[in-house]
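Let's explore a protein fold together, one question at a time. Have the picture ready and follow along.

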Amino acid sequence: MTTISRALVREVAPGISQIDLQFQGLEQVIAAYLLQGNGEAALIEVGPSSTRGALDAGLAAAGVSWNDMARLLVTHIHLDHAGAAGPIMRAHPRPRISVHPIGAPHLANPDKLIASATRIYGDQMESLWGDFAPIDPARIDEVEDGVAIDIAGRELIPYFTPGHASHHVAYLDRASGMLFTGDVAGVRIPGMAYVCPPTPPPDLDPEAWAESVRTMQALDVQHLALTHFGVFDDVKEHLAQILPNLDDFIGQGRSSLGPDGDTSDLTDALQRLEKSQIGAESPLFAQLELATPAYMAALGLKRLLKKRGEVG
Ligand SMILES: [Zn+2]
């Protein structure tokens, strides 16, 4: 576990703070959002186990003890969002966890998740993500689409928002007008205008994603709180970018996938496309690449195009 000497916590709305998890030592890659109110706390996203030091430091800086923590809520079970959930709940008896029904079995038994991640990350598993642990099913609550959760003095409404992942949930805090979008509103680093669609395997689904964008647009919120990374207020312009940019990625997949299924040309092409959007020399490329690695995006696009029969 990386040792973190300083906490990076910022209040983004009354009772809502962003904790920078300083993933791989870089700022503005993975966020967790801390909710405080009514004498209790909750977290939306917990990050991977490799960033638990930063999470603990952030909570301490915000004056929150794990005994105050009533609930963890994850947008989906990918390791950069929920990897730490098991070890946290093993260490701390109080919190319950909210997740999409499709994600729940994988929190109770992460073996399949770990096996598929190990196929991709190999010996980098430990340094990237840290450890895992199963969660007692009795402490897991499956969220229902549109059914409010009372937590930390507020109502959070989960919305099923598949596309990036089949089991993706966005959480709306109506009081602040803030929508916690996980990965369904894309990846955008502060200082970037570009919204990058994260397209990893295995269940990238552009049609479902389009429907989810319409769902988010209809909510008419004032702020988007992205896990990668931060709060953006140009909601209309931001949301309008997701589908065209996703189309560009899919088009790039069609033109750059090697005949033998090799993804290295596509990986390079996606990186060129991103740099053409954010500037070839942009220092933000490092954060973007950590949040949504181009080789991972290429693997997801390949799987999608194979499923559609567009490539061999
Ligand atoms: Zn993510």
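Q: Which word describes how α8 and α11 are placed relative to each other?
A: This is a predicted model, where local features need pLDDT of at least 70, side-chain atom pairs count only at pLDDT 80 or more, and totals for chains, interfaces and linings use all residues. Residues are numbered from 1 along each chain as its sequence is written. Helix α8 (residues 235-256) packs against helix α11 (residues 294-307) at about 75°, with the axes 10 Å apart. Angles under 35 degrees count as roughly parallel, over 145 as roughly antiparallel, 65 to 115 as roughly perpendicular and the rest as oblique, so α8 and α11 are roughly perpendicular.

Q: How are axes and angles defined here, and what helices count?
A: Axes are lines fitted to C-alpha atoms, for helices over the stretch in contact, and angles run from 0 to 180 degrees between N-to-C directions. Helices (H or I, at least four residues) and strands (E, at least two) are DSSP runs, numbered from the N terminus.

Q: Which residues of α11 make the contact with α8?
A: Two residues are in contact if their C-beta atoms, placed from the backbone, lie within 7 Å. On the α8 side we find Phe249, Ile250, Gly253 and Arg254. Facing them from α11 are Ala297, Leu301, Lys302 and Leu305.

Q: Which residue of β7 stands opposite Ser98?
A: Strand β6 (residues 96-99) pairs with β7 in the parallel sense, over 3 bridges. Opposite Ser98 stands Asp141.

Q: How many residues of β10 are buried?
A: A residue is buried if 20 or more other C-beta atoms lie within 10 Å of its own, exposed if 12 or fewer, and partly exposed in between, with C-beta atoms placed from the backbone. From β10 (residues 169-173), Val169, Tyr171 and Asp173 point one way, while Ala170 and Leu172 point the other way. The buried count is 5 of 5.

Q: Which residue in β11 is the bridge partner of Asp173?
A: β10 and β11 (residues 178-182) pair in the antiparallel sense over 3 bridges. The partner of Asp173 is Met178.

Methods. Pairing = 2+ DSSP bridges.
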